[in-house]
Amino acid sequence: MVKLLKEHFDNHPDMEIRDAVKFLYQSHMGVGHLISDEATALTRLETEWAQVKADSSASLTESLGGGMCRLQLSACKGKGLAIHTVFCLFLLTAQQAAPDRSGLERDLELVYDLPFPRAAVDAELAQFKAQGCPAVSHSARYWAAYAPAYRVISQKLACLLQLLCAIDQEMSCNPFVRVAIDGPCASGKSTLGEELSQIYSCPLIHMDDFFLRPEQRTEERLAQPGGNVDYERFLQEVLLPLTRQETACYRPWRCRMGGFDAPVTVPPCPLVVVEGSYSLRPDLRDHYQLRVWVEAPLEVRLERLAQRGGSGCLERFRSMWIPLENRYFDACRVKECCQLFISGSKSQ
């Protein structure tokens, strides 16, 4: 935190004590206080958005520490991130981040490490604490020098920005976009899919719903790279209808219950996300506009698998499912066909 605060001062030498306090407040307290009314918060963002100039060369974020960062609106505009995506990231951060009042009070002492007169820091911090450590605005000097235009979002969501920019750019020129997320088991595909579904309020389809039924699991079928999924049914019931802008309808196969679940319908919509191994088989991949590869270190994946189902589950994956996946990845050159690469090390 000391390093981040000093870097911010070096980059903003006209900042005042209250700007340092604001930096620390945002790091520890989040932004929930700014969204008492979503419509008002959105209107405020739209006003700022209309005023900022697009800057594709600017950095999207500035770290605040504490799992937070500032998302710069000019960079968002320059890199094709849509305003509704920015607002959703802001809203999700407000909903998910837990304020840390004790951490804020502790780190206020860091303001003394900046080259401000000690007596002035004493007075400002005493007043701030006496008022109950409220949210503060930037100083007039800071506004005049830097014209700040940003939204605070969680660092976890900021890790998705490259992908979100790619999705928004694609959606700006294509009314129907389909995204596939493939990669090794327990690498973070499902988590990423859930995050995208939450951000865009879009359908999320799981390849697990199309695993082979017992009578389909023949030696010949399992010998095919990527053959241990019912890709024929997935293609006919999901991808082809969506490609034709028709409603898709399918029944998820539930391995544990040994039967089909209730039908799921997916109407034509601006964005559909498909997650899971085998979603990027060669006979499926051309039906997507964006192809995403997610990976994580093997030791991380094995730990997740053990947590999911214990030692028995882990051994089945080691002896059967992981080798089948690896053969599919190699034979079908899955990673090579992807446009975007995401680390899932911290996504679960």
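I call a residue buried when its relative accessible area is under 20%, exposed when it is over 50%, and partly exposed in between (1.4 Å probe, protein chains only).

**Entry 1: the model.** I worked with a predicted model, in which local features need pLDDT of at least 70, side-chain atom pairs count only at pLDDT 80 or more, and totals for chains, interfaces and linings use all residues. Residues are numbered from 1 along each chain as its sequence is written, and side-chain values use heavy atoms, with hydrogens and water left out.

**Entry 2: the sheet.** I took helices (H or I, at least four residues) and strands (E, at least two) as DSSP runs, numbered from the N terminus. Two strands pair if DSSP finds at least two bridges between them. I found an open sheet of 3 strands in the order β1-β2-β3, with antiparallel pairing. Because β1 (61–65) and β3 (150–154) stand at the edges with a single partner strand each, one side of each has no neighbour in the sheet. The twist averages 30 degrees from one strand to the next; axes are lines fitted to C-alpha atoms, for helices over the stretch in contact, and angles run from 0 to 180 degrees between N-to-C directions. I noted 5 bridges between β2 (residues 68–72) and β3, and M68 has S154 in β3 as its bridge partner.

**Entry 3: a helix on the sheet.** Helix α5 (residues 83–96) lies across β2 and β3, at about 50 degrees to β3. Contact here means heavy atoms within 4.5 Å.

**Entry 4: aromatic pairs.** Rings of Phe, Tyr and Trp (its six-membered ring) pair if their centres lie within 6.5 Å; planes under 30 degrees apart count as stacked, over 60 as edge-to-face and the rest as tilted. I recorded 9 aromatic pairs in the structure. One of them, F9 with F116, is edge-to-face, at 5.6 Å centre to centre and 90 degrees between the planes. F9 belongs to helix α1 (residues 2–11) and F116 to the loop between α6 (101–107) and α7 (118–130), so the pair ties together parts 107 residues apart in sequence. F9 is buried at 15% relative accessibility, and F116 is buried at 16%.

The ring centres of F210 and F234 are 5.1 Å apart and their planes stand at 70 degrees, so this pair is edge-to-face. F210 is buried at 0%, as is F234 at 0%. I also found Y278, W293, Y328 and F329 linked into a cluster by ring pairs.

**Entry 5: charges over rings.** A charge sits over a ring if NZ of Lys or CZ of Arg is within 6 Å of the ring centre and within 35 degrees of the ring normal. The charged end of R151 sits over the ring of F90, 5.6 Å from its centre.
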